Amino acid sequence: MKDRFNLYRFASPATFYPFAGALIPYFVAVSIVFGLAGLWLGMLVAPTDFQQGEGYRIIFIHVPASWMSMFIYLVMAGWAAIGLAFNTRLSGMMAQALAPTGALMAFLSLLTGALWGKPMWGAWWVWDARLTSELILLFLYIGYMALTAAIDDARRADKAGGLLLLVGVVNIPIIYFSVKWWNTLHQGSSVNLAKSSMATTMLWGMLLMAMCFWMYSIAIALMRVRTIMLERERHTDWVKAELLGKAGDEK
Amino acid sequence: MFRIIAAVIGRDLKLAMRRQSDIVSALFFFIIVVSLFPLGIGPEPELLRKLAPGVLWVAALLATMLSLPRMFADDHRDGTLEQLALAPHPLGLVVTGKVIAHWLVSGLPLALIAPVLGIQFDLSTDALVVLTFAILIGTPALSGIGAIGAALTMGLRGGGVLLSLLVLPLYIPVLIFGAGAVDATVSGLGGEGHLSLLAALTFASLGFAPWASAAALKIALE
Amino acid sequence: MLEADNLECVRGERRLFAGLGFKLEAGELLYLQGKNGSGKTSLLRMLIGLLPPETGEIRWKGESIKSDEFRADLCYLGHLNAIKEELTPLENLLASAHLADEALSEDDALDALEQVGLAGREDLACKYLSQGQKRRVALARLVKEKRPLWILDEPFVALDIAAVDWLAGIISGHLQRGGLAVMTTHQLVDIPAGTVRELRLS
């Protein structure tokens, strides 16, 4: 019982707001460190590919962005499940705070895929299974954001959005499988970005960049969730106190 | 359990029969969209045969979308939906009935008219049979998945456009296996694999979607 | 029979009421009163189980109302008529009974429509009826309604004086049979039977 109480207390915006604020600088710092290390390894240390030349180095952005775009959707669905099961306010806010970052990652993955594809295949876009799935994932993110934006009542937006996320998560494997099936039947060209014989330095570079994106996503989601909290709870005492305190500092 | 599903289907069909213009206009939308393609890309039979499965299926998705916004909106507006939610049986059963009724007035007519449109695209008899069958067993999944979107967007501004944004990405597997079945038949590979996957999608969505839609409706009714 | 404990209602940013509770026994009527926006309709939607209360609990016969059994005892009449314009009054009445899992014979339905003064219009699509007549189609449900708990949102709106008296009689009959009723209303109507309680929301 005591644990439950603590958990609920932690999940309440008034407690979470300062807690998140304290954490943000650390995540930013860690993200920068990982980013610098990853870029150094990827851009300077990793050997030039004998087939693809220097252009292949874009995978140090492309692959981590693709990983994050999928991972963030799963995390959002996790928050949605918690929110629908326990009716916690924080869950919906976290899902909404993560969505733009997830969409950005999916977009980044598509963009770098196109930039990589132009010199490699001579085309900006190829209907490859992975790129197509990424595009559909971007649609799912946009659908989620459009739905939550269209609902005025924040509670209803959280719940409806959460349900959509769960439906999406059930469908993603089916969509991915069907796209792969479609791709093999039509024998479209396949992106083989991450080769199995990948050098260890390349793998490390990608992992470091993935950590950088991960920490960045957490930091930016915490910042966004703080603004969402202020907006939604603007009529409560703790927000008024918070805003008054800030105004006092500036004076 | 079957009594309530049958009661919902009976009522929805009766309402649809009193408002036949809805069914007819969705059907004509399907016919017109499909007929526009040859005008846009040229009448070469070779090309048309290649495009037919995709064109017919995409048009079927869009035609199904047309009637989705009204699936719950009418009942919501006149208060009937509240009464359905208060009836002493699970709301998921009611939605199952509504999904089946929606399919009977939107998916079934498409399947019946599809062979005629397939002839316009110079499809062989085999391909026509598979096309009809694929639309017949694939469209219930469209009604089912569409019900979730219809329930989530019920009563929202811009609901229709939003609905297509939510639902169309989820329709992709149905499109791929539906069009793939016809494609495989045309190229002589046999469409059985596609058709059984399509049937699996339909069964899964008819089992799962009504309950997800019911949950979405309860959220919207709060 | 019907108990509410410590209910709190928050709509958007406003708290409409808190700490609200009452008990209602067989044969009793609860009048909900209050200004527009005081939360009457929200409270009714909590009582029928569509709106979960922020805090607190509602029990029917000692059990939580989140069960199919509760809904089998409930008859709710909202401010919307819940009738289909395309269907005739008779079809509407029969369809709503079927969908609510209630047994209603065609003779009973015709009898109910006659009582609400719609004799001769049973086979006319509802879109050709006036507002008041549509309301009567919705109210005709109550004539043969045997479920113990009636929850009525502004039942007297859009009715003429004769119909108000008739409806008051129907509700009295329900209370005399040991039924319960909760209703909101702007005009206080004298219900001749049963114990009348009042709850004012402010």
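Student: In this predicted model, at which residue does helix α3(B) bend by about 50°?

Tutor: The model is predicted rather than experimental in origin. A proline, Pro53(B), lies in α3(B) and follows the bend within four residues. The bend of about 50° is located at Leu51(B).

Student: Which helices of chain B do the buried residues of α3(B) pack against?

Tutor: The buried residues of α3(B) include Trp57(B), Leu61(B) and Met65(B). Pro53(B), the proline that follows the bend, is also buried. The packing partners of these buried residues, in chain B, are α2, α4, α6, α7 and α8.

Student: In chain C, which residue of β2(C) is the bridge partner of Ala4(C)?

Tutor: Strands β1 and β2 of chain C run antiparallel and are joined by seven bridges. They form a hairpin with two residues between them, and Gly12(C) in the turn has a positive phi of about 60°. The partner of Ala4(C) in β2(C) is Phe22(C).

Student: Which element gives the largest share of the side of chain C that touches chain B?

Tutor: In this interface, 21 residues of chain C are in contact with 20 residues of chain B. On the chain C side, the elements giving two or more residues are α2, β6 and α3 of chain C. The largest share, four residues, comes from α3(C).

Note on methods: Residues are numbered from 1 along each chain as its sequence is written. Chains are lettered from A and ligands numbered from 1 in the order in which they are written. This is a predicted model: local features need pLDDT of at least 70, side-chain atom pairs count only at pLDDT 80 or more; totals for chains, interfaces and linings use all residues. The bend at a residue is the angle between axes fitted to the seven residues ending there and the seven starting there. A residue is buried if 20 or more other C-beta atoms lie within 10 Å of its own, exposed if 12 or fewer, and partly exposed in between; C-beta atoms are placed from the backbone. Two residues are in contact if their C-beta atoms, placed from the backbone, lie within 7 Å. Two strands pair if DSSP finds at least two bridges between them.
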